[in-house]
There are 2 protein chains.
Amino acid sequence: MTNNPITFELQATYGNARAGIIHTPHGDIPTPVFAPVGTQGTVKGITPAQLHEIGASLVLANTYHLYLRPGDTLVAQLGGLHSFMAWDGPILTDSGGFQVFSLEADRKIDEEGVTFKSYLDGAFHRFTPERAVEIQENLGADIIMAFDECPYPYGRETNEAALERTHRWLERCIRAKKRPDQALFGIVQGGVFSDLRQKSAEFLTSLDLPGYAIGGLAVGETKEEMHAMIEVVNAILPPDKPRYLMGVGTPDDLHNAVRRGVDVFDCVAPTRLARHKAAFYRNRQINMANSEYKNDPRPIDEMCTCYACRHFSRAYLRHLIMAKEMLGSILISIHNIHTLIEQTRRMRQAILEQRDWTYEPVEESE
Amino acid sequence: MTNNPITFELQATYGNARAGIIHTPHGDIPTPVFAPVGTQGTVKGITPAQLHEIGASLVLANTYHLYLRPGDTLVAQLGGLHSFMAWDGPILTDSGGFQVFSLEADRKIDEEGVTFKSYLDGAFHRFTPERAVEIQENLGADIIMAFDECPYPYGRETNEAALERTHRWLERCIRAKKRPDQALFGIVQGGVFSDLRQKSAEFLTSLDLPGYAIGGLAVGETKEEMHAMIEVVNAILPPDKPRYLMGVGTPDDLHNAVRRGVDVFDCVAPTRLARHKAAFYRNRQINMANSEYKNDPRPIDEMCTCYACRHFSRAYLRHLIMAKEMLGSILISIHNIHTLIEQTRRMRQAILEQRDWTYEPVEESE
């Protein structure tokens, strides 16, 4: 594969940690990077202008959801996802694989693809590797993902079979892909089994793809298993391609994965937690509805520079929550997304300056 | 009354329409002006930064709601409403009168004040003119309102009695007021009765207040009655003081009231309509959930310069509504508030330039 629409520039390493830039048709993504998730074509409650202010450089959207509603052909008709959601920066779409496999009772897998039931109206739909690519070509993201099978991480035989199928499906995705302005990333699977992960990483590397994802983690395995799998895979993946750990994470996960050579992250946690009143505070979460914040004039985090922390007290945020005002979850979402993006920015700066970073927080009484 | 913390500079008139500037401790308000409403200390779903971008110069908040939750003393403890809600521009609080009188079954009026039941926990509370001023002093808005009685507009005897009481309560509010940095506006009542409105306007004018409101309109009377009452009152109120028509309006109401000499407006309609999927389109409202917008690439209004109309299609807004995404009501709120503020800006410009304004829209097929 040559003339990739996206290229990765490795700028510095520090141990296994990497700082780089992903060049895409819609702009540069400095890495390590955290991508907020706009499941249905919107990061919940946040405008694109606010995303820019937060410092987001990459936004993720879900093929499964957008395919079902409003439909990928409608999005294409309206100029593609960048135009539709008015996000002019880089976009990554997943393949829908993870979502349809999560349906369990409502899906049936065969060698050709997966038949599943829509959660919207109960109608049956079918995804194949070819369809997943076609839908993502209609959506028009800069980075698109191969259609993969994501089994429960334990169970060697299931994972072995799923892995073989994922590899066959990847080759079909590559053959199906038509648009020259999109980069297709492959996904390393293999559950918690080092030799399967190794085999998958080696196979994918042999295909010389523009980027690689590590899938099937943060789905129930232990942190030690997650770290071990990242290490096995990243020892094999080529250094000149970006590495994306799917569906991760938390401040702790980001710290540990960057140290092990991961470049790209995405997770719904910042906005989902915000809607459940939880704000990132250093390495933990605090519940903003807590009565102890009733008259607390401090921001969520005095060290944070986000819009919410520069302007609003915990007392005000708690009031918004108590009064069921949507500005509450909006402001906490801004804070939570900012926290993870700022963390990746700090790690990037440390790597560029060839120094270790301190992983906040020190345990302190709050 | 001298040394008012707010003063009104009348810049130009065109017929009965006026252009001016209200100077307040938190900045200037060019008039005519529309003030979005932050009932519970937040304009629903909109950050103060977004309000600034929309061009809001005055924000209204509700004494009744903030008194019940989070409590006016808590707001005072946190530095007052400007600091609490992080709105550094001018704020106006109503007196709570309109809300407690709306409770009907759950309130009891006597000469001293009103006892009412909290909608939050059923507990009994009491507002008097003195309490309404004290609460508003705790909240700390630039403009505070006298505590008044707002009867149903028809019924001459009720209105006559309510008017007398409102005047006695106004005098008590003036005596109770302590803060030198807040301006107290009186409220003209009198239902749909010209002689009562006249009497009320004359009494209030004799008190030389820093500003005057017209209350008890847009509550069920006809448009003709509303216009007639505004004319009667504005013929009496002094030209060098701002005139505020409470709880209005719609594009049509703003147009008609400015022509009759009103300077200030507030209404929850822009955000409430938005939460019900309705967007202002010229002189009417369109339902953004309508299936005809399914693949409509146009913005809500091609002539509108708001953030929503500069970036998003009707198709995207409809998708957000269908997907129950809160960005839908946020973007329509931005558009609706912008529409009314932009309308007042255009009327102001026309008055300054000594010309009539065209009242859009021409009936056109959409």
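The legends below walk through several close-up views of this predicted model.

Residues are numbered from 1 along each chain as its sequence is written, while chains get letters from A and ligands get numbers from 1 in the order in which they are written. Since this is a predicted model, local features need pLDDT of at least 70 and side-chain atom pairs count only at pLDDT 80 or more, whereas totals for chains, interfaces and linings use all residues.

**View 1. Chain A as a whole, with its 14 helices and 16 strands.** Helices (H or I, at least four residues) and strands (E, at least two) are DSSP runs, numbered from the N terminus. The radius of gyration of chain A, taken over C-alpha atoms, is 20 Å, close to the 21 Å that the globule rule gives for 366 residues, so chain A is as compact as a globular protein of that length. That rule is 2.2 Å times the number of residues to the power 0.38. Along the principal axes, the C-alpha atoms of chain A fill a box of roughly 60 × 50 × 40 Å. Buried residues make up 54% of the 366 residues in chain A. Here a residue is buried if 20 or more other C-beta atoms lie within 10 Å of its own, exposed if 12 or fewer, and partly exposed in between, with C-beta atoms placed from the backbone. Take the contacts in chain A between residues at least 6 apart in sequence: 68% of them join residues at least 24 apart. Two residues are in contact if their C-beta atoms, placed from the backbone, lie within 7 Å.

**View 2. Where domain 1 of chain A meets domain 2 of chain A.** Domain 1 of chain A covers 7–267 and domain 2 covers 268–356; such bounds come from an automatic or database domain assignment. The C-alpha centres of these two domains of chain A lie 26 Å apart. On the domain 1 side, 31 residues are in contact with 27 residues of domain 2 of chain A. Elements giving two or more residues to that domain 1 side include strand S1 (7–14), strand S2 (17–24) and helix H10 (251–259) of chain A. The residues on that side divide into 18 nonpolar, nine polar and four charged. For this tally, Ala, Val, Leu, Ile, Met, Phe, Trp, Tyr, Cys and Pro count as nonpolar, Asp, Glu, Lys and Arg as charged, and the others, Gly among them, as polar.

**View 3. The meeting of chain A and chain B.** Here 31 residues of chain A are in contact with 31 residues of chain B. Among the elements of chain A that each supply at least two residues to its side are helix H3 (72–77), helix H12 (307–311) and helix H14 (326–352). The largest share, five residues, comes from H13(A). By type, the chain A side splits into 18 nonpolar, 10 polar and three charged. A rotation of 180 degrees with 0.0 Å of shift along its axis superposes chain A on chain B (RMSD 0.0 Å). The two copies are therefore related as by a two-fold rotation axis. Both copies use the same surface, as 100% of the contact residues of chain A recur in chain B. The superposition is by least squares on the C-alpha atoms of residues with pLDDT of at least 70 in both copies.

**View 4. Strand S2(B) between its two partners, S1(B) and S3(B).** Six of the eight residues of strand S2 (residues 17–24) of chain B are buried, so this strand is largely enclosed by the rest of the structure. Two strands pair if DSSP finds at least two bridges between them. Seven bridges link S2(B) to the antiparallel S1(B), and B:Tyr14 stands opposite B:Ala17. Their hairpin has two residues between the strands, and B:Gly15 takes a positive phi near 65 degrees there. On to S3(B): five bridges join this strand to S2(B), again antiparallel, with B:Gly20 opposite B:Thr31.

**View 5. Strand S8(B) and its alternating side chains.** S8(B) runs antiparallel to S7(B), with three bridges joining them, and B:Arg107 stands opposite B:Phe116. S8(B) also pairs with S9(B) in the antiparallel sense over four bridges. In the hairpin of S8(B) and S9(B), six residues lie between the strands, and B:Gly122 in the turn has a positive phi of about 80 degrees.
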